[in-house]
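Please open the model in a viewer and keep the selection panel at hand.

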There are 2 protein chains.
Amino acid sequence: MLAAYLKFDKERVMSRASDRAYSEIRSLILSGDAPPGAPLREEQLAELCGVSRTPVRDALRRLEAELYVVRTESQRTFVADWSREDVEEMFALRAMLEAHAARRAAERMSDERLGHLIRCNEAIEVAVSKADPDVVEFLDCNREFHASIIEAANSPRLTATLATLVEQPVVRRTAMQYGRTQLEQSAREHRELLNAFAARDPEWAQAVMTGHIRRAFHAFTARFSQESERK
Amino acid sequence: MLAAYLKFDKERVMSRASDRAYSEIRSLILSGDAPPGAPLREEQLAELCGVSRTPVRDALRRLEAELYVVRTESQRTFVADWSREDVEEMFALRAMLEAHAARRAAERMSDERLGHLIRCNEAIEVAVSKADPDVVEFLDCNREFHASIIEAANSPRLTATLATLVEQPVVRRTAMQYGRTQLEQSAREHRELLNAFAARDPEWAQAVMTGHIRRAFHAFTARFSQESERK
DNA sequence: GGGTGGTCTAATGTATACAAAATGGTCCCG
DNA sequence: CGGGACCATTTTGTATACATTAGACCACCC
């Protein structure tokens, strides 16, 4: 299966307890079981993960660095919450940096990488064109598509910076809101990006990526406003 | 003294051992006592700071998030070292993001903030105009100047992102290399920035900041090439 | 009745002991 | 003489017990 092929070897053995705690807590946050603003008590998390507080503290430090959680001045931890302004700023930074990544990627694009990206987007198009669009598959392949471009940019610093900026809960909420039309639009933008890469045109790639992220931003905003009104 | 006034209240009581460990280790790195590439052993650091390994581990996690130190796959910690490409990319990202911060700051500039920035730069000009320029004082005030602009941008996300990008060792090495001419040039650019802020002109502020960082980049590069040749 | 102070509780911070893992060296074998 | 495997040592990972601190509740005084 293509989907299986796209799963890659990113996740390691997870032998260390702190790693298990990390991904366990991260899952809690991403799944929404621990909603924004929820307090995170070390002991409770330790019990939940079946480890002691020490690795939990380690995990919380990492999650804090990635802004998944925040700490009050008195060192209590909470699941991060994002205001409308936060999300707006996040998208603005992401657009800027990911467009920069696309530019660098275009300058460095290998045929292998291009082939991989094309296969990714084919998988996206398959997922989208189903009678009942497969949003989970879309998210998986979309994540890989963007990750692969960032990898092609070949800048560890940029990779690390973007990692803290691309909050999967936000991407997820955005995509969940997409109708078929927007999912297809997203795939079309990806194809345009592939054209820019095939032409090895940095300016083009940068411009398309900027538009791609900013459209996603407005899609998210539209939903966000709806939610706020409902309250 | 103005310098004393500029020291602000950033550093707290340091009652917690992990905080002491953090700033102790950070000092080691900034001072160059622990040069790039040097291994950092937890026990050794614990002894040095007079605390146990637990707070040292905490401190190392924080320093790792800020990229002061790096970890090998086998979890050994070393003082971070940057290749020419790393530094180049760091400056490129910093220019992009700090210019963005300047733009936002211009949109939000209060009279109090502007007054503070003006006092900062006056302190810089005093330090620079001495018979023997006070580079340490320059660095202190320069850091505060930039930090204050970022704070004025009022975006926690941007603040956090830039924190990992502005490696003080690099800023330090750049400034140490400056002659009086370049120090004065830096102060002039700051004044230009203040004009842009006074006019509340985002475009102007963004443009000046871009130039400011990129000039610093080339100043650093010039020195870096010299060093490489010497080897 | 409201505010201030104190105590009590629950959370995080720290130290230490022990476990696991990795590195480096040595010895044996090809 | 070179390479590989094994053991010793060093270093990091984890658990647990105890110390410290922040926050809440309550009583008492103004």
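**Around the DNA**

Begin by selecting DNA strand D: 19 residues surround it, and the closest are Ala17(A), Ser18(A), Ser52(A), Ser74(A) and Gln75(B); a residue counts as near when its C-beta atom, placed from the backbone, lies within 6 Å. The model is predicted, so to speak of local features pLDDT of at least 70 is needed, side-chain atom pairs count only at pLDDT 80 or more, and totals for chains, interfaces and linings use all residues. Residues are numbered from 1 along each chain as its sequence is written, while chains are lettered from A and ligands numbered from 1 in the order in which they are written.

Next, colour helix 2 (17-31) and helix 4 (53-65) of chain A and helix 3 (42-49) of chain B, each of which supplies at least two residues of the surface near DNA strand D. Helices (H or I, at least four residues) and strands (E, at least two) are DSSP runs, numbered from the N terminus. Helix 4 of chain A gives the most, 4 residues.

**The sheet of chain A**

Keep helix 4 of chain A in view: it lies across strands 1, 2 and 3 of chain A, at about 100° to strand 2. Contact requires C-beta atoms, placed from the backbone, within 7 Å; axes are lines fitted to C-alpha atoms, for helices over the stretch in contact, and angles run from 0 to 180 degrees between N-to-C directions. The 3 strands form an open antiparallel sheet in the order 1-3-2, where pairing takes at least two DSSP bridges. Its edges are strand 1 (39-40) and strand 2 (69-71) of chain A. Finally, select Pro39(A), whose bridge partner in strand 3 of chain A is Phe78(A).

Conventions:
Contact = placed C-beta atoms within 7 Å.
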